[in-house]
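Here are my notes on this one, in the order I'd go through them at the screen. Have the structure open while you read.

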Amino acid sequence: MPAGLRRAHRVAAGTWGRIVVHAGRLRFTAATTPAIDVELEAGSVQGIPPEVVHEVEPVGAVLFSVEFLAVDRTRGAGTATAEVDGPVPEGDPACWAGLLCPDCGAVADGGYHRPGCSLAGANP
């Protein structure tokens, strides 16, 4: 794991990050309001908004990837590019924020929330 990921850093303006934990555990903290401080486990996905200071720290052995999503303004309105396989969100990154739970920061795809989230069981 690169040392730069273990200290405070940001995703560039106009770009969203998405951490996917494949095995093990990873601690993620972000300077959001309210602050996010969660331990991610295998199968967890965590969104990272543009320009938000955040850090990750392995909790033992961990295998994870970071995907980056960004609007490609050169391809015209409503198009996007990503370094991931599968469907790519279209539109402005601000619209993608709706995919994140405002309480726990988890990617709320299919109703998943982190343990202790006040919105667990609700439709965000």
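1. A term to settle before the side chains: buried means under 20% relative accessible area, exposed means over 50%, and partly exposed is in between (1.4 Å probe, protein chains only). By that scale Arg 27 is partly exposed, at 33% relative accessible area.

2. Ground rules. This is a predicted model, where local features need pLDDT of at least 70 and side-chain atom pairs count only at pLDDT 80 or more, while totals for chains, interfaces and linings use all residues. Residues are numbered from 1 along each chain as its sequence is written, and side-chain values use heavy atoms, with hydrogens and water left out.

3. Confidence. pLDDT is the predictor's confidence in each residue, from 0 to 100. The protein averages 74, and 61% of the residues score at least 70. Strands here are DSSP runs (E, at least two residues; helices are H or I, at least four), numbered from the N terminus. Where pLDDT is low, the predicted coordinates should not be read in detail.

4. The hairpin. β1 and β2 form a hairpin with five residues between them. The two strands run antiparallel and are joined by six bridges (strands pair if DSSP finds at least two bridges between them). Phe 28 stands opposite Val 38 in β2.

5. The core. A nonpolar core here is a set of buried Ala, Val, Leu, Ile, Met, Phe, Trp, Tyr and Cys residues joined through side-chain atoms within 4.5 Å. The largest one has 13 residues, of which Ile 19, Val 21, Leu 26, Phe 28 and Leu 40 touch the most other members. β1, β2 and β4 are the elements that give two or more residues to this core, and β1 gives the most, with five. Leaving aside residues up to four places away in sequence, Phe 28 touches several residues, including Ile 19, Ile 36, Val 38, Leu 40, Ile 48 and Val 56.

6. Salt bridges. The cut-off is a side-chain nitrogen of Lys or Arg within 4 Å of a carboxyl oxygen of Asp or Glu. A search of the whole structure finds four. One of them pairs Arg 18 with Glu 67 at 2.7 Å, N to O. Arg 18 lies in strand β1 (residues 15-30) and Glu 67 in strand β4 (residues 54-71), so the bridge ties together parts 49 residues apart in sequence. Glu 67 counts as buried, at 17% relative accessibility, whereas Arg 18 is partly exposed at 24%.

7. Arg 27 pairs with Asp 37, the closest N and O atoms being 2.5 Å apart. Arg 27 is in β1 and Asp 37 in β2, so this pair ties together parts 10 residues apart in sequence. Salt bridges that share partners also join Arg 25, Glu 39 and Glu 41 into one network. Within it, Glu 41 and Arg 25 have their closest N and O atoms 3.1 Å apart.

Key: Contact means heavy atoms within 4.5 Å.
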